[in-house]
Amino acid sequence: MIGPTEKQQRCLRYIQKFIAEYERSPTLRQIKDHLGLKSHTSVWHMLRRMEDRKLIKIHVGKANGIEVI
């Protein structure tokens, strides 16, 4: 299995730090702003690829529904 990309690693570290500090996952907008991405769609695609690689679990329909595995 291919490991996470550098951007995915940065995203994963951000999500972990955010959850540790706020006890909830960040929003797509917060992730987008932190990583300097231009659209929510690019964040969503990256998160889906991370889920495919079993790095996170996305709980669809739940606000702040990202879980680090």
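In this predicted model, the contact between helix 1 and helix 2 is formed by K7, R10, C11, Y14, I15 and F18 on the side of helix 1, which meet Q30, I31, H34 and L35 on the side of helix 2. Sorted by class, the residues of this contact comprise 6 nonpolar, 2 polar and 2 charged ones.

The geometry of the pair can be described alongside the residues that form it. Helix 1 spans residues 6-22 and helix 2 spans residues 28-35, and the two pack at an angle of about 125 degrees with their axes 11 Å apart. Because of that angle, helix 1 counts as oblique to helix 2, and the crossing of the two helices is right-handed.

| Helix | Residues | Residues in the contact |
|---|---|---|
| Helix 1 | 6-22 | K7, R10, C11, Y14, I15, F18 |
| Helix 2 | 28-35 | Q30, I31, H34, L35 |

Turning to the whole chain, the secondary structure of the protein comprises 3 helices and 2 strands, and these follow one another along the sequence in the pattern α-α-α-β-β. The radius of gyration of the protein is 11 Å, close to the 11 Å that the globule rule gives for 69 residues, so the protein is as compact as a globular protein of that length. Taken along the principal axes, the box filled by the C-alpha atoms is roughly 30 × 25 × 25 Å.

Of the 69 residues, 32% count as buried, while among the contacts with a separation of 6 or more, 43% are accounted for by residues 24 or more positions apart.

How values were computed
Residues are numbered from 1 along each chain as its sequence is written. This is a predicted model: local features need pLDDT of at least 70, side-chain atom pairs count only at pLDDT 80 or more; totals for chains, interfaces and linings use all residues. Side-chain values use heavy atoms; hydrogens and water are left out. Axes are lines fitted to C-alpha atoms, for helices over the stretch in contact, and angles run from 0 to 180 degrees between N-to-C directions. Helices (H or I, at least four residues) and strands (E, at least two) are DSSP runs, numbered from the N terminus. Angles under 35 degrees count as roughly parallel, over 145 as roughly antiparallel, 65 to 115 as roughly perpendicular and the rest as oblique. A crossing is left-handed if the near helix is turned anticlockwise from the far one by less than a right angle, and right-handed if clockwise. Contact means heavy atoms within 4.5 Å. Ala, Val, Leu, Ile, Met, Phe, Trp, Tyr, Cys and Pro count as nonpolar, Asp, Glu, Lys and Arg as charged, and the others, Gly among them, as polar. The radius of gyration is taken over C-alpha atoms; the globule rule is 2.2 Å times the number of residues to the power 0.38. Buried means under 20% relative accessible area, exposed over 50%, partly exposed in between (1.4 Å probe, protein chains only).
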